[in-house]
Amino acid sequence: MGVEEGVMNRTLRMSRVALCAAAVLWSTAAPAQDAAAIFKDKTIDIYTGYTVGGGYDLYTRLLARHIGKHLPGNPTVVPKNMEGAASIRFANWLYNVAPKDGTAFGTIGRGTAIDPLLGQPGAQFDGTKFNWIGSANDEVSVCVAWHTVGITTFDDMLHRELLIGGTGPGDDTIQFPKVLAGVLGAKLKIIAGYPGGNDAVLAMERGELQGRCGWSYSSVKAAHPDWLAQKKIAILVQFALAKHPELADVPLVTDLAKTEDERKLLKFVFARQVMGRPYLAPPGVRPATVAALRRAFMATMADKDFLANADRSKLEITPVSGERIQALVAELYRTPPELTKRLADMLR
């Protein structure tokens, strides 16, 4: 081989390497560039499906303050509220009406995604078709009684009625106590129709209600740390698949099951706790845009300023990826119909 031929071959090999490298760089940069083109000079609306002041709203407003700098194009981000029917109203709007370009997404109740499986009236969506962005928390919820009521343990609820407040039919504050009563025999009287969790809490403080079930422990700590310190509420049971480290002495609902069937039903209901503060976008959003939203969400969850603000606000951050939630929702939708029917009958 002559010198000129060798030089030519090396040049060709180097050209091929350069072309391959350029192709790889283009393929990895393309989604970000594509998303930047969509988000640049845009306004993104992040909705909460509940009223102002509750736990979901607090998380959303904190997210809205920080996620913009992690989105390509650095769009303006505005928190909004669209309350109604325990976030079913917003879920329906997001599924059927919202723009499908990534400029509108938000949070719904952690159990709202499976409302269609349970025959909840008005749920006009398929939870598997949403684009799940991520969850800010792997949640533990609790059932509490006000300190003047005299109910201090779960066993007390098996013998004395507790008057509690809830929002809409698909919300944890309605579903969790109904499951607690239907499966484990707790004596609970539910007053529904409060616009949001904050309204029910105020009613409890005024003496109109005696307690609340399906209340996120992170929200209790964020909004009422003094109630915990002053023992103004008794925590009766915790709803999750694993205990919160701060609630070691409070019974876990799944541990109270007496049969394997009861345990399976309770696990189906409380698997939603893994997506404690879920964020989702409409169906039909382009994959590159969904990927950009997911990356920005998880980057925000690790953002030092975001975490410092969350710590000051007593908001727990234990993020779950959008991919994991997408898989979990798909798994829940594969639940045997006989189990979902039994639960649906219980929740009527």
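Colleague: How much space lies in the largest cavity?

Modeller: About 280 Å³. Bear in mind that this is a predicted model.

Colleague: How many cavities of 30 Å³ or more does a search of the whole structure find?

Modeller: One.

Colleague: Which residues are the closest to the centre of the largest cavity?

Modeller: G54, G55, G197, R212 and S219. The lining has 24 residues in total.

Colleague: Where does the largest share of the cavity lining come from?

Modeller: From β8, with four residues.

Colleague: What is the lining of the largest cavity like by class?

Modeller: It has 13 polar residues, six charged and five nonpolar.

Colleague: OK, pockets now. How much space lies in the largest one?

Modeller: About 220 Å³.

Colleague: Which elements supply at least two residues each?

Modeller: Helices α9 (260-270) and α12 (322-332).

Colleague: How does the pocket lining split by class?

Modeller: Seven nonpolar, three charged and one polar.

Colleague: Let's switch to the sheet. What is the strand order in the open sheet of six strands?

Modeller: The order is β2-β1-β3-β10-β4-β11. The pairing is mixed.

Colleague: Which are the edge strands?

Modeller: β2 (76-81) and β11 (320-321). Each of them pairs on one side only.

Colleague: How many bridges join β1 to β3?

Modeller: Four. β1 covers residues 43-48 and β3 covers residues 104-107, and the two run parallel.

Colleague: What is the bridge partner of T48 in β3?

Modeller: T107.

Colleague: Last topic, helices on the sheet. Which strands does α3 lie across?

Modeller: Helix α3 (residues 88-96) lies across β1, β3 and β10 (278-281). Its angle to β3 is about 155°.

Colleague: And what about α10?

Modeller: Helix α10 (residues 287-301) lies across β3, β4 (131-135), β10 and β11. It runs at about 5° to β4.

Colleague: Thanks, that covers my list.

Technical notes: Residues are numbered from 1 along each chain as its sequence is written. This is a predicted model: local features need pLDDT of at least 70, side-chain atom pairs count only at pLDDT 80 or more; totals for chains, interfaces and linings use all residues. Side-chain values use heavy atoms; hydrogens and water are left out. On a 1 Å grid over the protein atoms alone, a cavity is a set of points where a 1.4 Å probe fits but cannot get out, and a pocket is an open set with protein on both sides within 12 Å along at least five of seven lines; lining residues have an atom within 4 Å of a point. Grid points are joined across faces, edges and corners, and a volume is the space filled by probe spheres set on the points. Ala, Val, Leu, Ile, Met, Phe, Trp, Tyr, Cys and Pro count as nonpolar, Asp, Glu, Lys and Arg as charged, and the others, Gly among them, as polar. Two strands pair if DSSP finds at least two bridges between them. Contact means heavy atoms within 4.5 Å. Axes are lines fitted to C-alpha atoms, for helices over the stretch in contact, and angles run from 0 to 180 degrees between N-to-C directions.
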